[in-house]
Amino acid sequence: MSDVDTNDRTIEHRPDAMRRSVLLGAGAGVISAAAIAAGTASAADGPAMRDMEGKTAFITGGARGIGLASADLLARSGANIVIYDVARNLEHVDYDMATEEDMSAAKAQIEAHGVQCMTIQGDVRNRVATANAMQQAMSAYGSLDHVLVNAGITQAGPIDALGDDSVQTVVDINIVGATRTIQSAVPIMREQKSGSIVVLSSILGRRPNEWYSVYSATKWAVIGLAKSTALAVAPDGVTCNVICPTLVDTPLARSLAHMFNPDNPTWEAVEEVMRSVNPLPVAVFQPEDVAQLVKFFASDAGKHISGEVFNLDAGALAASTV
Ligand SMILES: NC(=O)c1ccc[n+]([C@@H]2O[C@H](COP(=O)([O-])OP(=O)(O)OC[C@H]3O[C@@H](n4cnc5c(N)ncnc54)[C@H](O)[C@@H]3O)[C@@H](O)[C@H]2O)c1
């Protein structure tokens with residue numbers, strides 16, 4: 001059996017450990033479709049290459065979910081981490097945000113990898129606070145090599161049922177907050193003539209969904225923001241890319257279980273629905289799967305790629321022409 005044979009059916013018959021090393025061991029940093037199909041895509045348990053030693057990564061919304069998984073992988077790769085998170089519940093958002101305890105736990109988790117971790121409680125809607133947090137990172141660690149524009153919220157429901165405050169809050173955090181995060185990072189990265197920015201959009205930024213109209217609108221918007229930023233900062237050697245995941249197992253996603261099956265609002269029911277709609281035989285992704293892509297764009301592997309919009313969607317958009 002050839003090691004380069006990544007045909008799904010062949011992989012099904014490999015022992016787990018061999019499948020994992022064949023599919024993820026090339027160090028490409030990007031999860032292969034076959035790994036996802038084989039159900040082995042999560043990289044949480046393997047040692048990471050320490051190829052980001054001495055770098056600094058600033059992660060908005062890093063106290064849990066995709067942000068924390070990305071912080072963890074970058075830390076295991078040697079980077080010092082700044083977690084910037086609101087870490088309190090927000091008005092007009094109908095599910096819980098991270099807590100101060102989540103921040104402390106995240107810091108301990110990151111420091112266990114032998115790097116430094118600073119946690120700063122702040123809101124991405126506040127440009128001064130966000131810019132100050134990045135200056136704090138600069139003072140402590142001397143550079144700002146990667147910024148993950150990850151803090152985001154969702155509110156679901158029919159377009160005509162969403163209240164004004166909900167609409168405004170989703171727009172303010174997902175678009176204005178992302179803009180202010182990028183505006184805070186760009187002058188620093190321009191001056192140091194290097195850096196990478198990754199923006200979390202969503203599969204709903206690539207295709208519409210009637211239950212998530214405003215969320216979807218914000219996730220389309222940040223693609224325009226990121227691509228325009230990519231053009232603006234390219235002459236200074238700075239990159240800006242976008243990741244568009246389908247459903248990822250985080251508190252945000254779990255807050256939506258009732259939308260998938262009102263009669264059975266459990267995570268198992270969500271997984272069942274997703275398994276039935278995804279072309280590849282996978283239900284939902286893990287935050288660590290997104291982290292692999294973040295690391296790809298944040299590390300040297302992605303240094304010549306900018307303005308890219310990468311779908312992590314189990315093949316859902318394979319038939320799309322956009
Ligand atoms: N989970 C998914 O299925 C999924 C899919 C596609 C895209 N995304 C996107 O990925 C990103 C992360 O989502 P997640 O699923 O990890 O969510 P999450 O709710 O688990 O984590 C989001 C984090 O952001 C923080 N946060 C929220 N508003 C903030 C603000 N104004 N300022 C600072 N911090 C704030 C929260 O406290 C929390 O720690 C979001 O932009 C989301 O839209 C998620």
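# A guided tour of the predicted model

Of the 322 residues of the protein chain, 45% count as buried. The model is predicted. Twelve helices and seven strands make up the secondary structure of the protein chain. Among contacts with a separation of 6 or more, 72% are between residues 24 or more positions apart.

**Stop 1: the ligand**

Select the ligand and display the residues around it. The shell holds 30 residues, and the closest are Gly61, Gly65, Ala98, Gly152 and Thr250. Colour next by element: helix H4 (65–76), helix H7 (164–192) and helix H9 (251–254) are those that give two or more residues to this shell. Colouring by class instead, one finds 17 nonpolar, nine polar and four charged residues in the shell around the ligand.

**Stop 2**

Which residues lie on each of its faces, and are they buried or exposed? His146 and Leu148 are on one side, Val147 and Val149 are on the other, and all four are buried, leaving both faces of E4 covered. In a regular strand, side chains alternate between the two faces of the sheet.

E1 and E4 run parallel and are joined by three bridges. Within this pair, isoleucine 59 stands opposite leucine 148 of E4.

**Stop 2: helix H12**

Move to helix H12, residues 287–298. Its twelve residues reach 16 Å from the first C-alpha to the last, close to the 16 Å expected at 1.5 Å a residue.

**Stop 3: the nonpolar cores**

Select Ala71, Ile81, Ile83 and Val290. These are the residues with the most contacts inside the largest nonpolar core, which has 63 residues. Centre the view on isoleucine 81. Beyond its neighbours within four places in sequence, isoleucine 81 is in contact with Ala57, Ile59, Ala71, Leu74, Ala75, Ile110, Val115 and Cys117. Another core, of nine residues, lies apart from the largest one; Val124, Ile173, Tyr212 and Val214 are among its members.

**Stop 4: valine 248**

Select valine 248, in the loop between E6 and H9. This residue counts as buried because it has 20 C-beta neighbours inside 10 Å, and 20 or more is the requirement for that class. Leaving aside neighbours within four places in sequence, the contacts of valine 248 are Ile66, Ala253, Val284, Phe285, Gln286, Pro287 and Val290.

**Stop 5: phenylalanine 260**

Continue to helix H10 (residues 257–260), where phenylalanine 260 is found. Phenylalanine 260 is partly exposed, as 19 other C-beta atoms lie within 10 Å. Not counting residues up to four places away in sequence, phenylalanine 260 touches Ala269, Val270 and Val273. Glutamate 272 is twelve residues away along the chain, and its C-alpha atom is separated from that of phenylalanine 260 by 9.6 Å.

**Stop 6: two residues with positive phi**

Select alanine 87 in the loop between strand E2 (80–85) and helix H5 (100–111). Its phi is near 45 degrees, a positive value in a residue other than glycine. Is alanine 87 buried or exposed? Alanine 87 is buried, with 24 other C-beta atoms within 10 Å.

Finish at lysine 193, in the loop between H7 and E5. Lysine 193 is not a glycine, yet has a positive phi of about 60 degrees. With 10 C-beta neighbours inside 10 Å, lysine 193 counts as exposed.

Conventions. Residues are numbered from 1 along each chain as its sequence is written. This is a predicted model: local features need pLDDT of at least 70, side-chain atom pairs count only at pLDDT 80 or more; totals for chains, interfaces and linings use all residues. A residue is near a molecule or strand if its C-beta atom, placed from the backbone, lies within 6 Å of it. Ala, Val, Leu, Ile, Met, Phe, Trp, Tyr, Cys and Pro count as nonpolar, Asp, Glu, Lys and Arg as charged, and the others, Gly among them, as polar. The expected span of a helix is 1.5 Å times one less than its number of residues. A nonpolar core is a set of buried Ala, Val, Leu, Ile, Met, Phe, Trp, Tyr and Cys residues joined through C-beta atoms within 7 Å. A residue is buried if 20 or more other C-beta atoms lie within 10 Å of its own, exposed if 12 or fewer, and partly exposed in between; C-beta atoms are placed from the backbone. Two residues are in contact if their C-beta atoms, placed from the backbone, lie within 7 Å. Two strands pair if DSSP finds at least two bridges between them.
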